[in-house]
Every structure is written in C-alpha cells, then in structure tokens.
Amino acid sequence: MTAAASMLALVLAGAASTTPLTLASSGSTALLSTSPVDEAVRLALRPTVSAEEVTADVVVDRSRAARGQRWVGVGAALTDASVEHLEGRADLVSLLFGQEAGSIGLEWLRLPLSATDMSTTLWAWKSGTRGVRPSRPAREAIRFLRREVLPVAPDLQVMASAWTAPPAYKTSGSWFGGRLRGDRVKKYSRLLVGQARWLTSRGVPLRALSLGNEPGHTADYPTMAISDRQLSRLARLVGPQLDALGVELWGLDHNWADLPRLDATGTDGLDAIALHCYDGLPADAAGLTLPWLVTECTGTDDGPVRTFAWDSQHLVVDAVAAGSSGLIMWNLALSPGWRGAFGGCWTCRGLVTVDGSTVRREAEFFTLAHLQRAAPAGSRAAPVTTSGPVIASGFRSAGRAGVYGFNTSGQTLTVRVRTSDGALASVHEVGPYEIFSWVGRG
C-alpha cells in the first residue's frame with residue numbers, strides 16, 4: 001500500500017459502519033446518515049429502533065400514478081486541476097467512482113473542452129487541415145478518463161462543455177472574455193461536431209454536449225459570450241449532427257436566473273436544459289417543457305452545517321420538486337486554496353481536497369453520496385410528505401423506494417420513513433443537522 005493510500009485508509013477509518021451502495025435486500029430497509037461535525041458518522045448505517053414517540057415522519061408515494069421525472073444521476077467535472085490530483089491515484093478514483101463503502105459511485109463526468117479558471121495553461125481543441133483534434137491538456141484528460149476511470153465506472157456518462165473557442169473565433173482576439181464572432185458561427189459549429197465525433201469514435205461515452213459554458217458570462221479567465229441569435233443558429237446547425245452520433249444537445253448551461261434567455265432562443269433542437277446554481281432559484285425552472293438538470297455548482301468556504309442545509313434545500317429538495325433530473329457538481333478534486341492561473345473562483349472546493357498525502361471528503365461529497373444511494377440513475381422522482389423538522393425528496397423504481405433527507409434541527413430525531421402503501425417502514429435515529437438516505441426494497 002502506498003503512503004497516500006495508507007493515509008486515505010486512515011481518513012476513512014472511524015467509518016467502519018459505512019456500507020456499500022447496495023443498501024437493502026428484498027423486503028428490508030436501511031438508513032445511512034452523515035454528521036457535519038462527527039467524523040465517526042460518515043455514511044453510517046443507522047439501526048432500526050423501537051420508539052414510543054416519533055419526532056419526524058417521511059412518507060414516500062411509490063404508486064405508478066405518482067411517477068415523476070426520470071433521474072439520470074450525479075456527477076462532477078474533470079477540470080485540469082482534477083486531472084493533476086487524480087492521475088495515478090487509483091484510491092481516489094475508487095473513492096469517487098467506485099461502489100465500495102465510503103465511495104460516491106458517480107454516474108456522470110463533465111468534461112471541459114477548453115481551459116477554465118481551474119487551468120494553469122491556455123488551451124482549446126485544434127481545427128485545421130488535419131481535422132478537429134484535442135490539444136495536449138485535452139488528451140491528458142481523455143487518456144485519464146479512458147485508462148483510469150472507465151474501468152472502475154464502465155456505465156459512466158459524459159457531458160462536455162467549452163468555456164471558450166480559440167481566440168481567432170472571438171471579438172476580443174483573446175482567450176479571456178469577448179463574444180463569438182458573427183462570421184465564425186458556422187466554423188464554431190463544425191468544431192463542436194468535430195469534438196463530439198472524435199470523442200465518440202474513441203470510446204468516450206459522450207451522452208451530451210452544450211454549446212458553451214455560461215454563454216452570458218465573460219471574465220478575466222477563459223470565457224466567451226454567445227448571443228441569443230447565435231445560440232439559436234448553433235442549435236440548428238449542431239443538433240441534427242449530434243443526433244446522428246447519438247449525442248444529446250443540452251441548452252443554456254448557465255444559471256437558473258438566465259432561463260428567460262430561452263424566450264429569445266427557443267428550444268428547437270435541444271434535448272434538455274443545463275442549469276447552474278449561482279444565481280436564481282430552482283423554482284425558476286419549474287414548468288420547463290424539456291428535462292433539466294444542474295450541471296455546475298460548487299462548495300466554497302461555508303462550513304459543513306450550512307453546506308448540508310443549502311445543498312439539501314436548493315440542490316435536492318427544491319430542485320427535484322421543480323423537475324430536476326440530476327446533479328453534477330464542479331471540481332472532482334482540488335488542493336487547498338487552489339486558484340488556477342487566471343482568476344475566477346478563489347474559494348471553489350472539490351468533492352475531495354488533496355493536501356499531499358492527506359485526503360478529505362468535503363461536505364459536497366456526502367451530499368452526492370447520499371443522493372446516489374437514494375436515487376440511482378434510472379429512478380423516478382416520487383412525492384413525499386414530511387412532518388417534524390425534516391426536509392426530503394423521494395424516488396422510486398421497480399421494487400425499490402428511496403429518500404434523501406436532512407434533519408434541519410439541532411436535536412437528535414426519531415425518524416420514521418415509510419411508503420404510502422404501507423409495505424415498507426422503519427424507524428431510525430438521525431443526529432443534529434445530519435443528511436440521510438433511506439432505501440426500501442420489496
């Protein structure tokens with residue numbers, strides 16, 4: 001065992017009660033919880049208890065009539081910084097993508113198609129007489145994905161986004177800021193299709209592509225604005241060619257608050273809407289005619305209590321109620337204080353923080369881990385009713401019901417979770433401000 005792996009084992013020690021992603025056998029229930037303050041309670045199996053008084057109640061409706069949107073899963077982004085920290089670290093790849101106790105079991109990976117604020121060099125894919133091909137940083141990420149991630153997660157799905165086109169495509173003539181030039185729209189569409197064709201032809205499980213990350217935002221790091229008219233034209237040019245490759249086109253790829261742009265761009269040619277969490281509210285997306293999901297959100301410098309509360313309320317409970325179909329966070333892995341080379345986010349936090357040989361699973365890691373257990377890809381959202389200081393989201397599939405929940409109080413609760421048909425029920429203690437996942441089979 002390497003020194004790093006040995007340290008990781010120590011980090012996970014104290015979670016001896018953690019359990020693999022397969023939680024409950026037929027006719028049984030199981031509940032896991034994670035404390036924001038007690039490191040011994042990380043994805044910890046909570047035994048059933050006998051209680052005269054139940055202080056919180058969660059009921060999940062798993063009837064066919066209550067079937068909601070299809071859930072596609074959870075994931076995070078493979079930025080340049082994440083490649084640097086994860087390459088050659090089988091222990092961390094397993095922690096993020098594996099099915100072992102204490103792992104998340106990520107089902108999605110967001111792949112940047114250009115440099116981001118988490119890069120130390122400026123790069124984009126190349127397009128010339130030799131066709132569309134990845135530059136060196138892109139090749140390194142793809143090689144890592146194929147050689148180290150896919151063997152651990154063979155069912156992984158990839159969503160790709162470019163933060164910027166090459167400078168020659170832009171009004172600024174620079175990697176930073178500027179807009180897509182009007183006379184380069186068709187050329188940019190060929191670049192996007194060429195990227196999708198290259199990736200799919202080389203075994204990358206590319207499920208979806210967006211027209212550009214945050215097309216309404218420009219800054220002093222790799223960014224590019226794309227106008228409403230250009231987005232509409234790009235969708236018409238790119239969509240049919242992606243369809244032929246079996247790749248979906250996801251629109252917007254910007255904040256909940258940017259949804260009014262769809263009034264101008266329309267949704268023709270789009271398969272889903274990709275949304276970020278930095279402005280607006282999940283309720284802004286309620287009523288969309290296309291499926292939608294969160295494709296970027298990051299933890300910053302909030303403590304674990306506030307993070308559990310915010311993630312649970314906004315990224316899970318409110319988002320699922322408004323129709324969200326998945327949750328993809330920002331960086332897979334960062335080192336402490338990572339700032340990239342070009343400005344951007346100075347407080348972004350990865351799912352794991354890698355500090356030499358020490359690895360720390362951050363609060364967002366546990367949000368995704370519990371959500372994955374409650375709602376593996378292919379589940380459908382199901383209505384829940386709650387009483388007491390608990391918020392929750394429900395999910396169902398054939399022979400299975402799942403709940404993601406959060407204890408909003410500073411007290412230990414006796415929580416009863418059950419299905420509306422009465423077939424599955426159990427009572428468990430959940431500590432102050434803990435997140436939990438409950439699974440019932442039968």
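Glu214 is buried, with a relative accessible area of 9%, where buried denotes under 20% relative accessible area, exposed over 50% and partly exposed the range in between (1.4 Å probe, protein chains only). The residue lies in the loop between β9 and α6 (228-245); helices (H or I, at least four residues) and strands (E, at least two) are DSSP runs, numbered from the N terminus. Phi of Glu214 is near 45 degrees, a positive value in a residue other than glycine. The model is a predicted one, in which local features need pLDDT of at least 70 and side-chain atom pairs count only at pLDDT 80 or more, whereas totals for chains, interfaces and linings use all residues. Residues are numbered from 1 along each chain as its sequence is written, and side-chain values use heavy atoms, with hydrogens and water left out.

A positive phi is also found at Leu43, a residue other than glycine, with a value near 50 degrees. Leu43 belongs to the loop between β1 (28-34) and β2 (44-46). Leu43 is buried, its relative accessible area being 0%.

Strand β9 (residues 206-210) is joined to β8 by 3 bridges, and the two strands run parallel; strands are taken to pair if DSSP finds at least two bridges between them. Of the 5 residues of β8 (residues 157-161), 4 are buried, so this strand is largely enclosed by the rest of the structure. Strand β8 also pairs in the parallel sense with strand β5 (residues 108-112), over 5 bridges. Ala160 takes part in both pairings: this residue of β8 is the bridge partner of Leu111, and the bridge partner of Ala160 in β9 is Leu209. In a regular strand the side chains alternate between the two faces of the sheet.

Together with helix α5 (residues 185-201), strands β8 and β9 make a right-handed β-α-β unit. Such a crossover is right-handed if, with the strands pointing away from the viewer, the path from the first strand over the helix to the second runs clockwise. Helix α5 contains Gln195, which is buried at a relative accessible area of 2%. Apart from neighbours within four places in sequence, Gln195 is in contact (heavy atoms within 4.5 Å) with Leu113, Trp125 and Val132. The C-alpha atoms of Gln195 and Ile273 are separated by 20 Å, the two residues being 78 residues apart along the chain.

An open sheet of 3 strands shows mixed pairing in the order β14-β15-β16. Strands β14 (333-334) and β16 (358-361) stand at the edges with a single partner strand each, so one side of each is left without a neighbour in the sheet. Strand β15 (residues 352-355) pairs with β16 in the antiparallel sense over 4 bridges, and Thr353 stands opposite Arg360 in β16.

The axes of helix α8 (residues 304-321) and helix α9 (residues 363-374) come within 9 Å and cross at roughly 40 degrees. Axes are lines fitted to C-alpha atoms, for helices over the stretch in contact, and angles run from 0 to 180 degrees between N-to-C directions. Helices α8 and α9 are therefore oblique to each other, given that angles under 35 degrees count as roughly parallel, over 145 as roughly antiparallel, 65 to 115 as roughly perpendicular and the rest as oblique. At this packing, Pro304, Thr307, Phe308, Asp311 and Val316 in α8 meet Ala363, Glu364, Phe366, Thr367 and Leu371 in α9.
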